[in-house]
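Dear colleague,

Please read them with the structure open beside you.

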Number of protein chains: 2
Amino acid sequence: MPNKRPYIHVSGSQGSRFMLSQGVGYAAIALGHIAAAGGKPVLVKEIAEAASIPAPYLAKIVHMLAKRGLLATQRGVGGGVTLAKPATEISLYDLCEALDDVVVQPRCMLGTAECSDARACPAHKFWTAHRNKTLDFLRSTYVADIAAFEARRRWSKPADGPGATSLNILPS
Amino acid sequence: MPNKRPYIHVSGSQGSRFMLSQGVGYAAIALGHIAAAGGKPVLVKEIAEAASIPAPYLAKIVHMLAKRGLLATQRGVGGGVTLAKPATEISLYDLCEALDDVVVQPRCMLGTAECSDARACPAHKFWTAHRNKTLDFLRSTYVADIAAFEARRRWSKPADGPGATSLNILPS
DNA sequence: TGAATAGATGACAAACCGATCATATGGTAG
DNA sequence: CTACCATATGATCGGTTTGTCATCTATTCA
């Protein structure tokens, strides 16, 4: 339905620091779709069309997630993609790990190589605490939450106020 | 002196989401050095050697910051780089803006194009609050703070505990 | 004027991410 | 066995950031 692309399509790496990689974003939405299907295999093509994600690229992400044990794929007629474990047991953090997002690697905010509690950069104290909050969110947000959020939004009025934005997905 | 490089040198964009760009990190440390010189012009080469930053790359960053009005450069004998305004008036946020770091651009955590209060992605509420804290830190941390932090660390024992890590640079 | 100094500038390479295309491979159904 | 379907896989491309190199230009000083 939406011919306006719901993703920021950027050729090249283009940066985008301070957000998850595009791949993890795609994965999060895709797994939400798969979870919503309730165990029935879903085609990569279907997901790609529904979420306006480039299909060949999504196929590679799906393949990687299958290799890492988060998805199960089945070729041939009647095949498709299913979750390899319950939607309540796959967190955003798991997706970041599986897709090697840099957010899971401890990095200095300023890029210094030797940055630790013992030898801190000027931003170290802030960044350590801030990063922990990021990881807490990723570890406590599950594919099930994403599916529930998307399902709820589908019943709310689009572009609605509080109904569309108050969700249990939000810690603190 | 340090032949171990204090920066993570990565050829290529390599990602590094969830930190500032390498350029902003270099700029922050470089301006700390310049501020510490107390108004005397500092050579790009000196800064580069002291901080183990690639000199030609630093030269470009310095040039950009000069174009944006944060630094003043002077060629010829006795020349070098000085701050164009007081160290207490140049924030990390200013550096990010001048160097077009993506942190200053509002972006959805999951990369969706249409993400707003009205049409939120599952991470929107968390991310909005989290991002505001990031910006608060950047806006309230100044080149003067960096210079002071580096100066203090120089007097502390290297790799020391609380003395080296407790600093006024940390909000909350 | 000429030499030395120091930043300015442009060309270019490497690495990575996002994306696309074509083709191979593994399954199911008849 | 054959046709068809759906994922698997590899080649390739464009764009961005980071980094290197060579050269130009501006300034100072003798």
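The notes below take the helix contact between the chains and then the DNA strand.

This is a predicted model, in which local features need pLDDT of at least 70 and side-chain atom pairs count only at pLDDT 80 or more, while totals for chains, interfaces and linings use all residues. Residues are numbered from 1 along each chain as its sequence is written, chains are lettered from A and ligands numbered from 1 in the order in which they are written, and side-chain values use heavy atoms, with hydrogens and water left out.

The axes (lines fitted to C-alpha atoms, for helices over the stretch in contact, with angles from 0 to 180 degrees between N-to-C directions) of helix α5 (residues 124-140) of chain A and helix α5 (residues 124-140) of chain B come within 11 Å and cross at roughly 175 degrees. The two helices are therefore roughly antiparallel, a label for angles over 145 degrees. Their contact (heavy atoms within 4.5 Å) involves F126(A), H130(A), K133(A), T134(A) and F137(A) on one side and F126(B), H130(B), K133(B), T134(B) and F137(B) on the other.

Around DNA strand C there are 31 residues, of which Q22(A), Y26(A), P54(A), R75(A) and H63(B) come nearest; a residue counts as near if one of its heavy atoms lies within 4 Å.

Best wishes

Notes. Helix = DSSP H or I, 4+ residues; strand = E, 2+ residues; numbered from the N terminus. Parallel < 35°, antiparallel > 145°, perpendicular 65-115°, else oblique.
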